[in-house]
Amino acid sequence: MSAVYRLDRREFLGGLFSAGALVLAAPMAVEGAVPAFMPTVYLGVEPDGTVVIVAHRSEMGTGIRTSLPMVAADELGADWKRVRIEQALGDEKYGSQNTDGSCSIRDFYDALRDAGATARMMLERAAAAQWQVPLNECSAVDHEIVHRASGKKAGFGALVAAAAKQPVPAKADLKLKPASEFKYIGKGVPMADQNDIVRGKGTFGYDAKMPGMLYASIERPPVVGGSVKSFDGTAAKAVKGVKDAIVLPTFQKPYGYKQLGGVAVLADNTWAAMEGRKKLQVEWNGGENESFDSDAFRKKMSETVRSPQKAARNKGDVEKAFASAAKTHEAEYYTPLLSHAPMEPPAAVAEFKDGKVTAWAATQNPQAVQEAVSEAMGIPKTDVLCHVTLLGGGFGRKSKPDYVVEAALLSKQVGRPVKVSWTRQDDIKFDYYHACASIYMKAGLNAQGRPDAWLQRVAAPSLMNLYQKDTLELSPLELGLGFIDVPFDIANLRVENGPAAAHVRIGWLRSVNNIQHAFAIHSFVDELAHLAGRDTVDYTMDLIGPARRVDFSGQGFQHANYGQKEDKFPFDTARLRRVIEVAAEKSGWSKNKSAPGHAWGFAAHRSFLCYVATVVEVKVDKDGKLTIPTVHYAIDPGQVIHPDRVISQFQGAAVFGTSGALLGEITATGGKVKQANFNNYPVARMNEAPQQVHVHIVPSNEPPGGVGEPGVPTIAPALANAIFAATGKRIRELPLKKTKLV
């Protein structure tokens, strides 16, 4: 349960609840006849019986605005048809509102259950007192409190005033429903925003408006860290509708969520602003990154991983084991910079007035908006009000609100609300990119082809450069994303981490470092299985070893474990083995016989506390054209809240992962990114994406893990392994399009 805060009643009720509602949030004194008790901030009941549940996370297609309210409604005993969902403003009272890391359900499942149970118990107590019956004979059923012995019933609305006078139950006194009584959890309801989205009625960032606003289009420095040397806005201002051309503050490290600087053209409409921008005459200072060349940088990273680096994990005696190995095998893998490329580029509107900022933004993190805008404007973050719109995709990009900062700074300059709309070109050229990476793998094999020694070495720019200048090595958090916690039962194992500088903004992208880590590790496992003449699935099970909870202690690192305690979320190889068994069974792995031009590939990986095994089927025709008839996922994410949403996220992840593996690559020369739109940074089209995606959920009573990101990491290695089986081409470099398949 989140911390309890004392709230201003007018502020809290504004826009969410009517006067007289039973509002469950922090305890507080209230005005008027009806006292309101507020043990949580997520739920309230109106006098007409409407249950209002606050969605404090952002909706970008995952269905989180439905799934979290479902949890509270189930515990409350509410009729879903009488539930109204309200989007929360950015406010620390809700706990973290950063909708990323696949942790919305994981972090707030218990809190939302507690909220629902608290409200239910207060309503039950009110009914029991009114009817003079024992409390344990009253229960909530479909929006009513029912006393079965007498047949008495009372709707939630009729009990609001009396329930508000009941003491707020302590957390220890809450009685949660057994799973057998769940009505919504594990079953699901229609997605709350579905109708508005498909009918074009939903409000996205690009739809946000404020009265009297100007529209801004910004010409940013072509090299990150560059600045305006000189500019002439005369021609831009001559464009009909253009009002002004303004130089934004120069960008300074660390990258953070700061605006990039440049020149903004402000106009009466977006078109005029864009046309004016084209006519700007700007000279730039290149800055420290103007010599960045992605090909040269790749060579440097390769040299790094080919020599010994700092040990991040050490188990056994690796050098001795390599010296006595019957055979060694080594390989190097490379993954490039990637862009998020959501369908809706970043957009926000902001107004600076009376020392405060009000913003509407397509953001994954309204609290980051508060922090970034307050830092840029020099005002308290409590003076930054952030409304959250729907997001046309995010994938991690919209956790970083530099575009909202731009709108706020410009509004202060012109004294009017300003809307900043990034173009597709802006989005791809100035993204917070997923880091490129070089990974070296080496195994010392015994006579049966099983490794007795194992070495992994990685070099990649760290996303910690967002917060600290010139960080060169990956953080424990990044190494913990599927690399340092490799679960194989090998006596001698070492993980090393080499330096790599960041010359562009590095950020997190759906599944983050798991992308490159899973690609290298599970491609290498397939190589070793092939060398040993063994089936990949059997070989992988052999490497994982017996079912156990992996103990990483005494190996030189603290297991980050996605911020969760080991006792609640251990690395359980029984669960990993089980999803592998299910994937093999459901895909017909043992019956499918790979042949030239038609084959299957496999990979299994744990990320975000979810266990995933994936089988990808490929066909490669005589011209080298690749198609993907099927993908089979077997997953164990723990307790599932909304099965349809889980399945749809894995289906989306299959397409997202395929896009990155097949096509994704950002390159740069002279510090300037070469790609700028879908013509040179394509995403998978229908004929390139998997034709069928089957998601097999392994039943589990374990606590909920993540589901938004874990479907991505296994795609690239399973796909590459399938291509090897079909063509004999071993792919160690992404994107796959760079390798001729015939």
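1. Basis. The model is predicted, so local features need pLDDT of at least 70 and side-chain atom pairs count only at pLDDT 80 or more, while totals for chains, interfaces and linings use all residues. Residues are numbered from 1 along each chain as its sequence is written, and side-chain values use heavy atoms, without hydrogens and water.

2. Helix pair. H2 (residues 64-76) packs on H3 (residues 104-131) at about 35°, with the axes 6 Å apart. Helices are DSSP runs (H or I, at least four residues), numbered from the N terminus; axes are lines fitted to C-alpha atoms over the stretch in contact, and angles run from 0 to 180 degrees between N-to-C directions.

3. Helix contact. Residues that meet (heavy atoms within 4.5 Å) include Leu-68 and Val-71 in H2, and Phe-108 and Leu-112 in H3. By class, this contact has 12 nonpolar, 3 polar and 3 charged residues.

4. Domains. The assignment, automatic or from a database, gives domain 1 (9-199), domain 2 (205-288 + 346-421) and domain 3 (294-339 + 432-738). The C-alpha centres of domains 2 and 3 lie 37 Å apart; their contact takes 17 residues from domain 2 and 19 residues from domain 3.

5. Interface. Domains 2 and 3 bury about 1600 Å² between them, 59% of it on carbon and sulfur atoms (accessible area lost on being put together, 1.4 Å probe, summed over both). Tyr-255, Phe-395 and Lys-400 supply 38% of the area domain 2 buries there, more than any other three residues.

6. Salt bridges. The rule (side-chain nitrogen of Lys or Arg within 4 Å of a carboxyl oxygen of Asp or Glu) finds 2 across the interface of domain 2 and domain 3. Asp-470 forms a salt bridge with Lys-253, the closest N and O atoms being 2.8 Å apart.

Definitions and conventions. Helices (H or I, at least four residues) and strands (E, at least two) are DSSP runs, numbered from the N terminus. Ala, Val, Leu, Ile, Met, Phe, Trp, Tyr, Cys and Pro count as nonpolar, Asp, Glu, Lys and Arg as charged, and the others, Gly among them, as polar. Buried area is the accessible area (1.4 Å probe) that two parts lose on being put together, summed over both.
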